[in-house]
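Please open the model in your viewer and keep the selection tool handy. We will go from stop to stop together.

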Amino acid sequence: RPLAALLEGTSFKLNGLRGDHEAAQRSWLCAVPLPISKWVDRTLCAEFQALSELCDLLDSLGVKGKESCRFVSGRVSLWSSGASCLSCVRTFRQLLQIFPQLCLEVLCDQRLEHR
């Protein structure tokens with residue numbers, strides 16, 4: 001059955017340990033260790049943290065299991081100040097596999113406007 005809830009908002013994440021690290025370990029998403037830097041915990045990437053938070057929010061709205069995931073639709077825009085690592089690119093793909101009706105837009109721009 002379709003969910004009636006509307007989820008909108010903005011989240012800001014930085015690379016590194018912030019908040020509940022155990023929540024990232026329980027995420028619907030799976031970070032991938034990379035051979036070039038296998039000692040780096042990819043759950044600490046800002047992109048992974050942001051998308052994990054989105055999954056947690058959807059879970060809190062009652063999205064449980066494949067049946068309800070297919071009813072989740074909408075647009076997710078993710079902005080990064082630098083190129084995403086391959087683990088994060090894999091996380092983008094995982095999100096779209098879990099929620100096939102989502103549109104994910106990833107923007108990368110190293111320039112920041114200072115006013």
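The tour below goes from a pair of strands to a helix and then to a core.

A word on the ground rules: this is a predicted model, in which local features need pLDDT of at least 70, side-chain atom pairs count only at pLDDT 80 or more, and totals for chains, interfaces and linings use all residues. Residues are numbered from 1 along each chain as its sequence is written, and side-chain values use heavy atoms, with hydrogens and water left out.

**Stop 1: the strands.** Select residues 73-80 and 101-108, strands β1 and β2, which run parallel and are joined by 8 bridges. Strands here are DSSP runs of E with at least two residues, helices runs of H or I with at least four, numbered from the N terminus; two strands pair if DSSP finds at least two bridges between them. Click on Val-76, and you will find Leu-104 of β2 opposite.

**Stop 2: the helix α2.** Now pick residues 46-60, the 15 residues of α2. After α2 comes Gly-62, with a positive phi near 105°.

**Stop 3: the core.** Which residues have the most contacts inside the largest nonpolar core? Select Leu-51, Leu-95 and Phe-99, from a set of 22 residues. Such a core is made of buried Ala, Val, Leu, Ile, Met, Phe, Trp, Tyr and Cys residues joined through side-chain atoms within 4.5 Å. Its largest share, 6 residues, comes from α2.

**Stop 4: Leu-95.** Leaving aside neighbours within four places in sequence, Leu-95 is in contact (heavy atoms within 4.5 Å) with Leu-29, Leu-51, Leu-54, Cys-55, Leu-102 and Leu-104.

Note on methods
The expected span of a helix is 1.5 Å times one less than its number of residues. Buried means under 20% relative accessible area, exposed over 50%, partly exposed in between (1.4 Å probe, protein chains only).
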